[in-house]
Amino acid sequence: MTYPPPSGGWNDPAWSGQQSSPPADPVSGQPIPVQPTAADPYAPADPYAGGDPYAGMKQTSGQPAAGYPAPAYPAYGYAAPQKTNGLAIAALVLSLVGFTSCITAPVGAILGHVAQKQIRQTGEGGEGMAKAAIIVGWILTGLLVLLILFYVAAIVFAITQSDSSSSY
């Protein structure tokens, strides 16, 4: 519901109609400008004027702008991903393949040690993979050794039992 415009010299700010004249300053009696003038130091720049609006923010050299310290971190976005050591990947794959083939587990563990040394020297990524390859590789190698010892003991036990039963 709309109300009629206010009567008299008073302008209601909530009323959406056009004002007939700008409001007057109560002290000087001069009209108050609706838009800021060029003499106003706080007036915003004309957005439609030509020129580069970012001209004051650009740097012409590699040095930071005057008065600002150099940032201690990269300026934009994320850091580049760290390169992963290829030997660490191969060591982990060989250690995990050791679950089925048993023979690649010790090779993966040894490659894991070599990969850790390379990672310490070069600073590449993949330290966790190399450590996992070492752990998995040596555990599977230990289980393989226990399995071989069990088979040897079973064969020796079978041979001794067959010799003692055939002599009767």
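Colleague: Why is the pair of E124 and K83 called a salt bridge?

Modeller: This is a predicted model, so the values are computed from it. The closest N and O atoms of E124 and K83 are 3.4 Å apart. The rule asks for a Lys or Arg side-chain nitrogen within 4 Å of a carboxyl oxygen of Asp or Glu. The pair therefore counts as a salt bridge.

Colleague: What makes E124 and K83 a link between distant parts of the chain?

Modeller: E124 sits in the loop between helix 2 and helix 3. K83 lies in the segment before helix 1 (86-101). They are 41 residues apart. By this rule the count of salt bridges comes to one.

Colleague: Is K83 buried or exposed, and how do you know?

Modeller: K83 has a relative accessible area of 59%. Exposed means over 50%, so K83 is exposed.

Colleague: Why is the aromatic pair of F150 and Y151 called a pair, and which kind is it?

Modeller: The count of aromatic pairs comes to one. F150 and Y151 form that pair, with ring centres 6.2 Å apart and 50° between the planes. Centres must lie within 6.5 Å, so the rings pair. Planes under 30 degrees apart would be stacked, and over 60 edge-to-face.

Colleague: What do the accessible areas say about F150 and Y151?

Modeller: F150 has 55%, which is over 50%, so F150 is exposed. Y151 has 48%, between the cut-offs of 20% and 50%, so Y151 is partly exposed.

Colleague: How do you know that the span of helix 2 is close to the expected one?

Modeller: Helix 2 (residues 104-122) has 19 residues. From first C-alpha to last, helix 2 reaches 26 Å, and 27 Å is expected at 1.5 Å a residue. Several residues in helix 2 are buried, including A105, G112 and I119. Just after helix 2, G123 takes a positive phi of about 80°.

Colleague: What makes up the nonpolar patch on the surface?

Modeller: I135, I139, L143, V145, L146 and L149 form it. Together they have about 590 Å² of accessible area. L143 belongs to helix 3 (residues 127-166).

Colleague: Which pattern does the whole chain follow?

Modeller: The pattern along the sequence is α-α-α. The chain has three helices and zero strands. Of its 168 residues, 15% are buried. The chain exposes about 13,700 Å², and carbon and sulfur atoms supply 65% of that area.

Terms used: Residues are numbered from 1 along each chain as its sequence is written. This is a predicted model: local features need pLDDT of at least 70, side-chain atom pairs count only at pLDDT 80 or more; totals for chains, interfaces and linings use all residues. Side-chain values use heavy atoms; hydrogens and water are left out. Helices (H or I, at least four residues) and strands (E, at least two) are DSSP runs, numbered from the N terminus. The expected span of a helix is 1.5 Å times one less than its number of residues. Buried means under 20% relative accessible area, exposed over 50%, partly exposed in between (1.4 Å probe, protein chains only). Patches are made of residues with over 30% relative accessible area and no salt bridge: like charges are joined within 9 Å, nonpolar side chains (Val, Leu, Ile, Met, Phe, Trp, Tyr) within 5 Å. Accessible areas come from the Shrake-Rupley method with a 1.4 Å probe; for residues, only the protein chains shown count as cover. Rings of Phe, Tyr and Trp (its six-membered ring) pair if their centres lie within 6.5 Å; planes under 30 degrees apart count as stacked, over 60 as edge-to-face and the rest as tilted.
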